[in-house]
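Open the model in a viewer and keep the selection tool ready.

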Amino acid sequence: MSEITDFDSLRRAMAENGEQPEGPARNARAEQLLLEAEKMGVPLAVIEALGHQLKVYNYSSEKAKMFVPFARLLRLWDERPGDFDEYETHSLHWVFKWVSAGMLDQPHVPLAAVEKWLGEMEHRYRLAGHSERAVRSAEFSVAAHVGDVERAERAFAAWLAADRDTMADCHACELHGQGWWQAERGRDAVALEVWAPVLEGEYTCAHEPHTVLASSLLPLLRLGRLEEARAHHLRGFRLVRPMESMRGAYADHVEFCALTGNEARGLELLAERPAFFTDEGQPRSRLEFLSVVVLLMDRLSELGLGGQRVPGAAGREWTADELAAHARVEALALAARFDERNGTAHVSERARARMTQRPLVERLPLGVRAARPASAAAATASPAPAPAPAPEAAEPDLAALLVEARRLSDTLQPHAVEAWARVARLAEESEGVELAARDRAEIADHEAIGLGPEGAETFERAAGLYAEAGDPGEALAARARAAYVRALAGEVDEALAAVADPYDEVLALYADGGTEVPQAAGVLMGRARILMRRVHEADGPLADTVLTQAEAAVRELLALVDGRTGNDVRLAARVAEGHAMLAELATCSGDPEAGAERFARAAAEFVEAGLPWFAVEYEARLAGLAHQLGDMAEAERALRAALEHGGPFLEAVGRAQLHLQLAEVVGGRGQAEEAAEHALEAAHWADEAGVGPTFGAWARHQLGGFLVRLGRWAEAAEVLESALADLTAETHGDGAVVQTQWWLGDCLSELGEHRDAAERRLQAAELARHWPEQHDHATLAHLAAESLGQAGLHTEADQAYARAGELWRGLGNVHGLVRSLRARAWLALRTEDGTQAARDLMTSAVEQCADAFDAADDDEARLRLVAELGHTHRQFGDLLARSAADDADDDSIRAALDEALSQMSEAVAVFVALGDSALPARTGAELAAGWLETDLGRPREAAARARAVLRAYADAAPDAEEGDEGDGETARARRAEAEQLLQATEEQKDR
């Protein structure tokens, strides 16, 4: 903390405090600085300290405190306006707007006082010669707040019509307010058009695009622009998260979560800011926050989670129902205070409307880690809803239920098991009803199917009932099914023994005409499936006999059924499954091409039979084989087909796997945007399946990577941070952890969060330190050094560059070593008496290039080293010129500039040797040398260099100058600078 000794140190201290995070600590420091200013006896010091205090109050949760310093400032202005300099005069008038808005946010300030203040503001702005634009904007805010639409529209029109001057809010803030009103009046598309320049980065400020991103969420949802809404939430929440003064925008993000099926993320947001429940410095934003808390809690109650523990105000534990009741009372009490002050019911009506909104989207995947609340997840756990039972008002019809259950089972439709279970329940509940043996057999058969590996005994019971019903063939098929589920439980040999008799018996029975193809096929399929289990469970290389026996069993089944299916869906399914088994056997035998062909045939047969959901597994297997064979087009087709065929019946985990595989394939052909969509779906379905910490974390890792590729840095950072919460070296591999940290460091660097970027890159480097190949370790150490330097941590940056340099040296990577030396030289120049160290480091970089060139035995390597040498000479010249500016002695300055010119000339000579490929670098160095010539009083030499640049572009081959848009822009910039240099030399000659 800076010691306050004079006005300059006070100003430095206020500047330092202004850079601190918003909050009470910064406010308290501003109060201390005001006391220090008052001790100086310098009126302007007190004025500036009051202005600083007012500013930090405004950008905090203690906005109510700003009225006192402003009143004092205004009194000082009225008494001694000459004590204010130009900047403070402007600032005093500027903060009129803050105070008027601040009064509106405080329900204890009478509306008459607000209106009086508005008149005072208009009067003082007129006296100062300012436009009425800011005044009409303030009037609009008052009218909109109290619900006076007619006055608000008039003021809105007057606001837009008035001239913009220095008192008008910045473009970004004005556009936010204008778009907000359009959305408020139901014109969502117009609002988004108004906001576009802010969203696209044309206009920004301390609070924008933060609030525009938050305000745009609901309009985007209402317009169905869901991808944009998701992106705005991830990008916008990252901006408002650390800002105490942005409770209203924070509330918009909580509201978004409540209305898009992201209740769990909404709870996470509440947990991050417990003080938002109680901070009273700005009552209006507290009302907004509490209103969306009610919305979110009521949503949880609707999902059956009213008793779930939730984050709330500190000091006690809350359930969703309790917090909803508490927040509702608090919010409506606040709204009533505003309405009492305003004389309308507008604020209460808005609060109630916000609390009672209905979800706009059932579920909008965000890609970030947030498990769905238990009851909501349970509601979507089954792949698709079973057919609804008859309405309670109608008497269930057992006969109709039997017909429907048999239809579903005969055509292999989903939910046949549930349909037979309903038949069983109704039969049991109905007095005097005795089902036929055949009906009871099918009930038992489907009950066994539902039991999976535990269903052997129930299948045996079904077999007995089929025999009782006079269907010995189906009885044998049920016994074969019982044997197969024993194989599923790991008892393969026992299963083979159990199926032997049914197999012999059904063949004899079929030969005598005692049963039909479907029943015989049922036994043969059971036996083939058991033999396939031997293939699946084999430990190590498969014995030829295992493959031969399985293939023989499958071909026997196909010989029986193929050509006899007719309209029997079950027989068609037997044929398709048989071909899928042959595909597996071909793959196991080392013939993936045949395997792929047969999987494709099996999938097509299931689809042709009207059973596309059975094709999913085989399309997925086909995709894997196609990937293995390098046929990425077929892999992509098969994955898309699997997702399409699965429809609503695909389980969540399977859907997640297919989407992630498709993301990898699509991403591999450069379609990062579509790949990101599939990775997003994969993360969502992994969470739904309850495998978020494992498979979901990997999906988020991939999603983050695709977003990085698209340059969507803020979204990627949110996703990657979420992935890191679950990624572990043990489960996902340390390579995935390092890559995620690496990508996240890149994102944070692009977002200007350099200290955090350095931390992520250092963490990744530490993991990579143990890898046998050290290139990644060196690269990460170098990147971490860059981030440390950009964060102003120069000592730490130098240490990191030194570490990277040693790693590059060990790898024999001269380019990395030279760049680390150059970076260290620039850092050294910033330190006291660091000029010589900087020179030494640059000299070392030049020497490293020269030594490596002498040792190189490859022409391409030599060319790259020559280019590196040219860039090093160029930077050496820049560094020497920069060091001269701090030297007070004219002779030493001239000597430094001469030396800088020498290095720049060396750079030009090196780039000339590289020809047209180095034209931009050569002309840049030539112009830098020309400006040095002017600094040294040599206009003739400087002019010659400028003409050399113009001549170089005149003589250059077109493709050397206009290779791409960037090259063309460089050429135009170089010519323009050369003309400026020529003009400067002419002016210098005239003097």
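**Stop 1: a buried glutamate**

Select Glu605: this residue is buried, at a relative accessible area of 18% (buried is under 20%, exposed over 50% and partly exposed in between, with a 1.4 Å probe and protein chains only). The model is predicted, so local features need pLDDT of at least 70 and side-chain atom pairs count only at pLDDT 80 or more, while totals for chains, interfaces and linings use all residues. Numbering runs from 1 along each chain as its sequence is written, and side-chain values use heavy atoms, without hydrogens and water.

Glu605 sits in helix α29, residues 592-608 (helices are DSSP runs of H or I with at least four residues, numbered from the N terminus). Beyond neighbours within four places in sequence, Glu605 is in contact with Val575, Ala576 and His579 (contact is heavy atoms within 4.5 Å).

**Stop 2: helix α8**

Next, select residues 149-161, helix α8. Colour Arg151, Ala152, Ala155, Phe156 and Trp159, the buried residues of α8. They lie on the same side of α8 because their arc around the axis is only 135 degrees (taken from the directions from the helix axis to the C-beta atoms). Turn to the face away from the buried side to find exposed Glu150, Arg154 and Ala161.

**Stop 3: α13 and α14**

Finally, which residues of α13 meet α14? Select Ala229, Arg230, His232, His233, Gly236, Phe237 and Val240 in α13; they meet Ala249, Tyr250, His253, Phe256 and Cys257 in α14.

Technical notes. Helix = DSSP H or I, 4+ residues; strand = E, 2+ residues; numbered from the N terminus. Expected span 1.5 Å × (residues − 1).
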